[in-house]
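Please examine the sequence and the structure shown below.

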Amino acid sequence: MTALSLLSRPPLWRESRVGLELAALLRDPVFRGDGVKDGRGQPVLLIPGFLAGDDSLTLMTRWLRGTNHYAKRAGIRMNVDCSEAAVQRLEEKVEVLVERQGQRAAIVGQSRGGHFARVLATRRPDLVGGIVTLGSPLTEPLALHPVSRAAVYAVGALGTFGVKGLFRHSCLWGDCCTDFWADAEAPFPKGVRFLSVYSRSDGVVRWQSCLDPQAEHLEIRASHIGMGMHPRSWRAVASELERLRKSEARRLAAQKARRRSRAAAKGARIRRAA
């Protein structure tokens, strides 16, 4: 191992801050919704990180629902399934969200969940209005602390040996997830917002890997696990969701105006023909 790789290794001990971050969140006015705009039914899908499930984002989900966002969980008990299979299931959930609420959805993804969010936005810009990724190693998925990287390899080995519900090594290097990785690196669609929140003091992910060149970047000082429960993360999510909601409202208004214009033009043609 080179001196450079040793120096760039994320400091795992910094993850011990997560308890303090949760305590700070519970004391912060943002936890009570102070200063958070009414979501007006804005559909939001929350996707947890590797080895985590929906419960890891329970506080954020309840908070968003309390501020009138139509927030839904990803339906993931532990994020260890094949990436392509998981994204296909999530795409169906987004379709239901959009049909139910009549507007494009926002996606908040933590760590591996951010990869899924990016792929969903790339594939279905008709369904996704914007994404917020929290500590997601978007440009280098395995830019992780060696302990976390070993966990990835261990899950892949178990999946390769036939344990159901786990991704296989082919998900990383074989044909299983070719489409997923192609979409993860594809140009990000125009008209879809993309915010990547990262921390230089992240103890799991090398922060440089969060800097997708096609995203807006926001630096906060947080642990990796604490990204989903840090007051600054919540403020960033609230601010971005408000921008998305306003942008989507303008887009829908423009669509209605175009439909009215076409209908008026069609009516005029019919009257002239009569």
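This is a predicted model: local features need pLDDT of at least 70, side-chain atom pairs count only at pLDDT 80 or more; totals for chains, interfaces and linings use all residues.

Residues are numbered from 1 along each chain as its sequence is written, and side-chain values use heavy atoms, with hydrogens and water left out.

Helices (H or I, at least four residues) and strands (E, at least two) are DSSP runs, numbered from the N terminus. Helix H4 comprises the 19 residues 83–101; at 1.5 Å a residue they should span 27 Å, which agrees with the 27 Å between its end C-alpha atoms. The expected span is 1.5 Å times one less than the number of residues.

Buried means under 20% relative accessible area, exposed over 50%, and partly exposed in between (1.4 Å probe, protein chains only). The buried residues of H4 include Ala86, Val87, Leu90 and Val94. These pack against several elements (contact means heavy atoms within 4.5 Å), among them the following.

| Element | Residues |
|---|---|
| strand E1 | 43–47 |
| strand E3 | 105–110 |
| helix H5 | 112–123 |
| helix H8 | 178–185 |

Rings of Phe, Tyr and Trp (its six-membered ring) pair if their centres lie within 6.5 Å; planes under 30 degrees apart count as stacked, over 60 as edge-to-face and the rest as tilted. The structure holds seven aromatic pairs. One of them is the tilted pair of Phe188 and Phe194, 4.6 Å centre to centre with 35° between the planes; both residues are buried.
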